[in-house]
Structure formats: structure tokens, C-alpha cells
Amino acid sequence: MPYHEDFAKADGWSAADVSVRLNNAAGRKFLTFLRRSGVTTVIRYYASSARPKTITPVEAKLLSGHGFGILPIFQDSSRHISNFSSSIGTANAKSAMGFANRVGQPKDRGSTILFAVDGDYPAKQIDGPILAYFHAIKDEIDGTFAIGAYGCGAVLSKLMAEGLITVPWISMSPLFLGTEQFFSNRWSMRQVPPEVTHGSSGVGYDRNIVRVPRREIGAFQVDESGEGSRA
């Protein structure tokens, strides 16, 4: 099967990334749809700005109570190379850990925080500011949480080679640098184009194929007391 056709196949998708809160009537309707579709993991956001896409403790309990594993990704600003540096990596890692603490993500148990590189960057920038950004993240949170990344194949390949991430998540852009070469068998998750909207709830979401067991991507759940555990 040609690469582009294979890349767009969504057969067996089991994770959805969503940029709106789901602890409301529309969200509950959407979660019913996810369960019926065989989805087991919901990817939600930590963001350093006060944005509605950021998961809350109440939402984390709701998702867990419905049996979903939660996989968080930190994404505030990540679409320009000026958003990446060692100092920004340190600041974003600290911010992400603050969100993790608030929602009850378990520490020291292998649960994952992903960090977004949402764009197509040349090798020089990957080897420079982006690599420095992830070195700072690893220095700040390594051992407390596992680290993953969302991005193109070239970014993920470099970060894996440097030992900076354990969960590589391919973005939905098949023409980004290195993605076709990375596509064969190295990813843990891949995002399937295009973004879709659930008709009856109006919730927009992306479908994701998870190639490894959910436990390996570091999803977690929280109980009603706010205590987190690995999902």
C-alpha cells in the first residue's frame, strides 16, 4: 500500500486527543461514543497559559471513572523555533509538573508527560534549540515522569537517538521532515489525518493508533480522592 494511503488508515484507533474539556453534557455524550468505538485512552493537555484546553482535576476523575487512561501532553506555544530553548524547556517542565500534581498524575511510577513540537523544522533547528529544549526537560523531570514527544519523524528520531524520550508520537502531517522514514516501525503512537468532529456532541478530536500496550505509553487514572495510578 502506498505510504500516504497507509498513513491515513485509522483501523484499530484506540486513543483520541481532544483540546476541550469533557466534564459537561457534550463531553459525556462524546465519551459514550469513544467507549463504543473501542477507545481506551484520552489524550488531554497541560498548558502554561490559562486556557480551556487544559485538563482539570474534576475532568481527570470523570475520565478515569469511565475507564479511560489519561495521557497528558504539554503544549502552550510550540509552532515557532523561538518557543524552544534550554531555559524554556526548564520552565515548561516545571509548569507541566505543576499541572501533573494538580490533577493527580502519579509520580515515580512511569506515567508519561509528552511535549509538543508542532511544526516542520529543518535539521539545524532540531539539532539546536529543539534538542536543547528536551535536554532541559529531561534534566528537570527525569525519574519523576517518563518523557514523550509529539512531532515529525526527524524530531522523534533525534530525541530517541539522544535517549531523551521513550514515547514517540507522530503528528498527522505525512510530508514533515523524516516522517516517512520513521513511519515503518519506530513509533508508539501516530495521529491519523484529518481532524474529525463527533456529530451529536460537536466535539472535535483526532484519532490515534497506539502500536504498543497502553501501559507502555504511560497513561494513568485518578480515583475519587485524587490519588493517581498507572493505567
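Visitor: Helices (H or I, at least four residues) and strands (E, at least two) are DSSP runs, numbered from the N terminus. Where is S14 found?

Guide: S14 sits in the loop between α1 (3-7) and β1 (15-17). Bear in mind that this is a predicted model, where local features need pLDDT of at least 70, side-chain atom pairs count only at pLDDT 80 or more, and totals for chains, interfaces and linings use all residues. Residues are numbered from 1 along each chain as its sequence is written, and side-chain values use heavy atoms, with hydrogens and water left out.

Visitor: S14, buried or exposed?

Guide: Its relative accessibility is 16%, so S14 counts as buried. Buried means under 20% relative accessible area, exposed over 50%, and partly exposed in between (1.4 Å probe, protein chains only).

Visitor: What does S14 touch?

Guide: Not counting residues up to four places away in sequence, S14 touches G38, V39, T40, T41, N208 and V210. Contact means heavy atoms within 4.5 Å.

Visitor: And I209, where does that lie?

Guide: I209 is part of strand β8 (residues 204-210). At 10% relative accessibility, it counts as buried. Leaving aside neighbours within four places in sequence, the contacts of I209 include K9, D11, W13, W187 and V192.

Visitor: Zoom out. How many helices and strands are in the chain?

Guide: Eight helices and 10 strands. The radius of gyration is 17 Å, close to the 17 Å that the globule rule gives for 231 residues, so the chain is as compact as a globular protein of that length. That radius is taken over C-alpha atoms, and the rule is 2.2 Å times the number of residues to the power 0.38.

Visitor: What box do the C-alpha atoms fill?

Guide: Roughly 45 × 40 × 30 Å, along the principal axes. Of the 231 residues, 53% count as buried. Among contacts with a separation of 6 or more, 68% come from residues 24 or more positions apart.

Visitor: Let's do β5. How many of its residues are buried?

Guide: Six of six. A146, G148 and Y150 point one way, while I147, A149 and G151 point the other way.

Visitor: Which way does β4 pair with β5?

Guide: In the parallel sense, over five bridges, with β4 spanning residues 112-116. Two strands pair if DSSP finds at least two bridges between them. T112 stands opposite A146 in β5. The chain goes from β4 through α5 to β5, and this β-α-β crossover is right-handed. Right-handed means that, with the strands pointing away from the viewer, the path from the first strand over the helix to the second runs clockwise.

Visitor: How many bridges join β5 to β6?

Guide: Four, and these strands run parallel. Y150 stands opposite W169 in β6. The crossover from β5 through α6 to β6 is right-handed.

Visitor: Which residues of α6 are buried?

Guide: In α6 (residues 153-161), G153, A154, V155, L156 and L159 are buried. Their cover includes α5 (123-141), β5 (146-151), β6 (167-170) and α7 (179-182). Just after α6, G163 takes a positive phi of about 70°.

Visitor: Now packing. Which residues touch the most other members of the largest nonpolar core?

Guide: L34, Y46, F115, I130 and F134, in a core of 59 residues. A nonpolar core is a set of buried Ala, Val, Leu, Ile, Met, Phe, Trp, Tyr and Cys residues joined through side-chain atoms within 4.5 Å. α5 gives the most to this core, with seven residues.

Visitor: What is I130 in contact with?

Guide: Leaving aside neighbours within four places in sequence, I130 is in contact with I81, F84, V117, Y121, Q125 and V155. Apart from this core lies another one of 14 residues, among them V167, W169, V210 and V212.

Visitor: Last one. Where is N92?

Guide: N92 is in helix α4 (residues 86-103). At 11% relative accessibility, N92 counts as buried. Beyond four places in sequence, N92 is in contact with F74, F115 and Y133.
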